[in-house]
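Here is a short report on nonpolar cores and helix packing. Please read it alongside the sequence and the coordinates.

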Amino acid sequence: MDCGSTLYSHRNNGLMTRSLEKLLEDAHLCGELKLGGRKLKEFPTTNKYDLSDTTIADLSKNCFTHFPTELIKFWSLESLNLYHNAIRSIPNTVTSLQSLVYLDLSRNWLTCLPSAICQLPLEILLLSNNKLKQLPNEIGFCKTLIELDVSCNVLTHLPPQLGQLSSLKCLNAQNNLLIELPLELTHIKLARLNVSLNRIASLPVELRLMSSLESLDVANNPLVSPPTAVCIKGRVHIFKWLDVKSIKEGRNRGSSWKFNSLKSNNHSLDSNMDSLTLSETTSLVHSSDEGANGSMEYLNKSDRKHKETNRYSNNASPEILRVSKSNGSMSTNLNKYTSNNNGIKSNDKPTQHTQSYREYKEFLKQQRTQESIYKGKPLNNDNNVDQKDIRPYIKPTTPEITSTPVNNLSLPRTPNPSPNIWSKCNTQVAKNKLQFTMKREYDKAREEAELVKQLRNTIESRLKMSLPSELSPALSDGVVLCYLANHVKPRSVASIHVPSPAVPKLTMARCRRNVDNFLEACRKIGVNEKLICCAVDILEGKGIVQVAITVAELLKFHTPKSPSQTVHVPSLLNV
């Protein structure tokens, strides 16, 4: 019997050897090496045939524990299949395969991917069913990569360098430990994306901009944004939901931007009004016949004049320069005034009058009914100017006719310009508005704190349990809320996922089911849809006020019942 088995094994070895020689001979002739499914532990060596010009090599379903070094000499190799082996590492000498475009390393024992592979001109790289913990950052150098399969590994994140793969069309990363998708992934023109069976809670809003995406699979993820009910409907509904979210976020950003721009505009208006001097105020009165539009045009012109006169502020006073540009005769009289300096001493300050913007507009309406503001007066022979005639504008109780001619109007040069009356008004209004806003925010915060306190008291009194100081995390798993719904209406929530001593914390999927069951129970009981909170408010713990409103509306439907019908909460939930 032993002799027969020995003979049989020798015969099989002979057949195997002859078949290997036949395969090596075929590879030498046609350039395609087929050694798949032969349980080889070492690469067969032969001196009869030259295999360096092999273009396709199939070594799948063997027992190789390391990358065959003999393949390094295959300089023209284009396709290499090492599927279903026991390879643990890849040598750096693999960079010599500069013709390789297809590489299949699926179902091996790889724990890391060397950066040397990223230096190959690969188009298809299959790495599924390994033990990879991360991808090298050099993956961005694979500019020719079209398909990448890293499914069924233990990847916790995808490198942002994937956004540099401009030729990538298909990415399969299912059944990993991914928490989020990198934003850079939305910059490439993917056609198929599979990230199912991961731990992704939210998708980036920019994902909706991937117009080239034909297939998107995000199943079996604890998604909150967008919700699972939307993701089940497919790619089109996911993109629509992300569009709505983007519009809401953009609206919030836009409102803050408008507030900042309005604030900057008010600041520029105040600065322009600060530059309005006494001479410009007089000119503004002269242009009152043109109406409010003319006044605003003059404000813009005066701002430009103020910028121009800053260049010559070292040589002349701003009043003389402004008036000289607007009226030549006034410039002559003012120059005479400053040269003679007989009328008024430079240390004297003119009488100032602070008026509101409403008073100023009222005065303009009164002056429109007059033919002019100033009428003629006999000219004085001397060049001296009376101090009483030189004064800033003071709002009269009735329209007043002055007798000073426009040509002889002389204005004093004031070292310290009069304060801006409108900027003071704006500052006062801003302070009042700020005080009103702060009071409103304080009242709102007090009301919200009262609602949260009422929610805590309601739960503790109804369910006979004590809650921790942080209320939001205690309600995030939905267990307490489901028991509260059953307290209002028995058996409104049929099944509740409760933590056990062995597993004290529920998974995100079970928490989501509890929350969905609670919200559905609120709808069945009769709570108004507009007053029901969202699942995100409970799961993320950021909408505790909305949850308090929902619970308050739910308790309106509660009818007192006998003690035998009281809902008993498991002791595990009592904190």
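**Cores**

The model is predicted. Its largest nonpolar core holds 68 residues. Six members touch the most other members: Leu 80, Ile 117, Leu 125, Leu 171, Leu 190 and Leu 193. Helices α1 (2-30) and α3 (235-274) each supply at least two residues of this core. α1 gives the most, with four residues.

Setting aside residues up to four places away in sequence, Ile 117 touches Ile 90, Val 94, Leu 103, Leu 105, Leu 122 and Leu 125. Another core lies apart from the largest one. This other core has 38 residues, including Leu 471, Ala 535, Ile 538 and Leu 555.

In soluble globular proteins, nonpolar side chains tend to be buried together.

**Helix packing around α11**

Helix α11 spans residues 479-488, and helix α14 spans residues 544-555.

| Pair | Axis distance | Crossing angle |
|---|---|---|
| α11 and α14 | within 10 Å | roughly 20° |
| α11 and α12 | 8 Å | about 25° |

How are α11 and α14 oriented: roughly parallel or roughly antiparallel? The angle of roughly 20° makes α11 roughly parallel to α14, because angles under 35 degrees count as such. Their crossing is left-handed. From α11, Leu 481, Leu 484, Ala 485 and Val 488 take part in the contact. They meet Val 547, Val 551, Leu 554 and Leu 555 in α14. The contact of α11 with α14 has eight nonpolar residues, no polar and no charged.

α11 and α12 are likewise roughly parallel to each other. α11 passes α12 in a left-handed crossing. On the α11 side, the contact uses Val 479, Leu 481, Cys 482, Ala 485 and Val 488. These residues meet Asn 514, Phe 518, Ala 521 and Ile 525 in α12. By class, the contact of α11 with α12 has eight nonpolar residues, one polar and no charged.

**Asn 514**

Asn 514 sits in helix α12 (residues 508-525). Is Asn 514 buried or exposed? Its relative accessibility is 0%, so Asn 514 counts as buried. Which residues does Asn 514 contact, leaving aside its neighbours within four places in sequence? They are Asp 477, Gly 478, Val 479, Cys 482, Ile 496, His 497 and Leu 506. Of these, Val 479 and Cys 482 belong to the α11 side of the contact with α12.

Note on methods:
Residues numbered from 1 in each chain as written. Predicted model: local features only at pLDDT ≥ 70, side-chain atom pairs only at ≥ 80, totals over all residues. Heavy atoms only, no water. Core = buried A, V, L, I, M, F, W, Y, C linked by side-chain atoms within 4.5 Å. Buried < 20%, exposed > 50% of the residue type's maximum accessible area, 1.4 Å probe, protein only. Contact = heavy atoms within 4.5 Å. Axes fitted to C-alpha atoms, helices over the stretch in contact; angles between N-to-C directions. Parallel < 35°, antiparallel > 145°, perpendicular 65-115°, else oblique. Left-handed = near helix turned anticlockwise from the far one by under 90°. Nonpolar A, V, L, I, M, F, W, Y, C, P; charged D, E, K, R; others polar.
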